[in-house]
Amino acid sequence: MNRFAAKLAEHSLALRHTRTEILQVNVGKLCNLTCVHCHVNAGPKRKEIMTRDTIDRVIAWLAKTDIATVDLTGGAPEMIPDFRYFVERVTELSPRRRVIDRCNLTVLLEPGHEGLGQFLAAHQVEVIASMPCYSPDNVNAQRGEGVFDASIKALQLLNSLGYASDSSLPLHLVYNPNGAFLPAPQAELEADYKRELYDHFGIRFNSLYTITNLPIARFASYLKHNNQLSAYMELLNNSFNPQTVDGLMCRNTINVSWTGEVFDCDFNQMLGMQWKNNDRALYLWDVDPEAVAEREVLTNDHCFGCTAGAGSSCGGALV
Ligand code: SF4
Ligand code: SF4
């Protein structure tokens, strides 16, 4: 039994799927940035991207379900050639599904992506955008030189298209710590962000989500390089909060890779912890959506990142 499973058992808790409400699709590892905290090891040279054939199979499976939300992530999901095709196919489904784009903002200004903001607005795609600070130094240190200015321009563009003022165009920001520590309380940070971004740049957004960095991939390398990995693991372990377990995103989400393989969450995907049947990897189209409830979630020590303090999920703090 891993340490996380032992901790759950100590608290008489189990981690099992409930009804699936979110299909999270990681369409690939291609990205225009190479952030220090990236759990995907994404970057401009990555070749792994979802093909149109796989998109069609995902859409065909989704059409047979009543899963209400499709959460597109990457990499920079907008950079795959069939991103707009994917969004169009999802928004044509009946009943209508909510579509989320996990956006790094800078991609909205990249050559070759002209009209992307307008496309997102026209299809009422909810934007959840990474913005690790409201001051340039922290953003540039984590995401690269010039990223802060580009992110501000992109947020102003989204506001000009109606994001954060039109109720059909939600715009949420994501904060993650710039090092080996837990996020500050979400409500306090949100108030700071709202004040600073509006006062200095006239930017509005709906909510701020705080997300804890999980000790995997590029962030694990960063911790190892700085000799902080074991201290960070201890921090996460010592901050275990049993009240977060009910709300963990792996309970109501199915996560799919660019190949169509299925996981409990994007972190498990990066660790190669896919769903299997008799040692054979399961693809989305092998999964009976009605048979997912009560399925046990695969865990390991990285899961302590989701249960530390106020908890962490794709929708921010949990308690
Ligand atoms: S954290 Fe997001 S924006 Fe940064 S490299 Fe990874 S996928 Fe790209
Ligand atoms: S990493 Fe978090 S979301 Fe993923 S399985 Fe573990 S607890 Fe659940």
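Exposed means over 50% relative accessible area, buried means under 20%, and partly exposed lies in between. These legends use those terms for a predicted model.

View 1. Most residues other than glycine have a negative phi.

**View 2. Leu298 lies in the loop between β10 (280-281) and α11 (304-307).** Its relative accessible area is 34%, so Leu298 is partly exposed. Setting aside neighbours within four places in sequence, Leu298 contacts Asp264, Asn268, Met273 and Gln274. Glu114 is 184 residues away along the chain, and its C-alpha atom is 40 Å from that of Leu298. Leu298 is also one of the residues around ligand 2.

**View 3. Ligand 2 sits in the second largest cavity.** Its shell consists of Leu214, Leu248, Met249, Cys250, Cys265, Phe267, Asn268, Val297, Leu298, His302, Cys303 and Cys306. By class, that shell has 10 nonpolar residues, two polar and no charged. Cys265 has a relative accessibility of 8%, so it counts as buried. Cys306 is buried too, with a relative accessible area of 11%. The structure holds zero disulfides. A disulfide is a covalent bond between the sulfur atoms of two cysteines.

**View 4. Ligand 1 takes up the largest cavity.** Around ligand 1 are Cys31, Leu33, Thr34, Cys35, His37, Cys38, Ala42, Gly75, Asn104 and Arg143. The shell divides into five nonpolar, four polar and one charged residues. Gly75, one of the residues around ligand 1, is found in the loop between β2 and α3. The peptide bond from Gly74 to Gly75 is cis, with omega near 25 degrees.

**View 5. Helix α3 (residues 83-92) packs through its buried residues.** Which residues of helix α3 are buried? They are Phe83, Tyr85, Phe86, Val87, Val90 and Thr91. These buried residues pack against β1 (22-26), α2 (52-63), β2 (69-73), β3 (98-103) and α4 (116-122).

**View 6. A cis peptide bond joins Ser94 to Pro95.** Omega for this bond is near -5 degrees. Pro95 is placed in the loop between α3 and β3. Most peptide bonds are trans.

**View 7. Ala217 has a positive phi in helix α8 (residues 217-225).** The angle is about 50 degrees, although Ala217 is not a glycine. With a relative accessible area of 24%, Ala217 is partly exposed.

**View 8. Glu196 is part of helix α7 (residues 186-201).** Which residues does Glu196 touch, not counting those up to four places away in sequence? The contacts are Tyr134 and Phe201. Glu196 and Thr244 are 48 residues apart in sequence. In space, C-alpha to C-alpha, Glu196 and Thr244 are 30 Å apart.

Technical notes:
Residues numbered from 1 in each chain as written. Chains lettered and ligands numbered in written order. Predicted model: local features only at pLDDT ≥ 70, side-chain atom pairs only at ≥ 80, totals over all residues. Heavy atoms only, no water. Near = heavy atom within 4 Å. 1 Å grid on protein atoms, 1.4 Å probe; cavity = no way out; pocket = protein on both sides within 12 Å on 5 of 7 lines; lining within 4 Å. Sits in = over half its atoms within 2 Å of the grid points. Nonpolar A, V, L, I, M, F, W, Y, C, P; charged D, E, K, R; others polar. Helix = DSSP H or I, 4+ residues; strand = E, 2+ residues; numbered from the N terminus. Contact = heavy atoms within 4.5 Å. Disulfide = S-S within 2.5 Å. Buried < 20%, exposed > 50% of the residue type's maximum accessible area, 1.4 Å probe, protein only.
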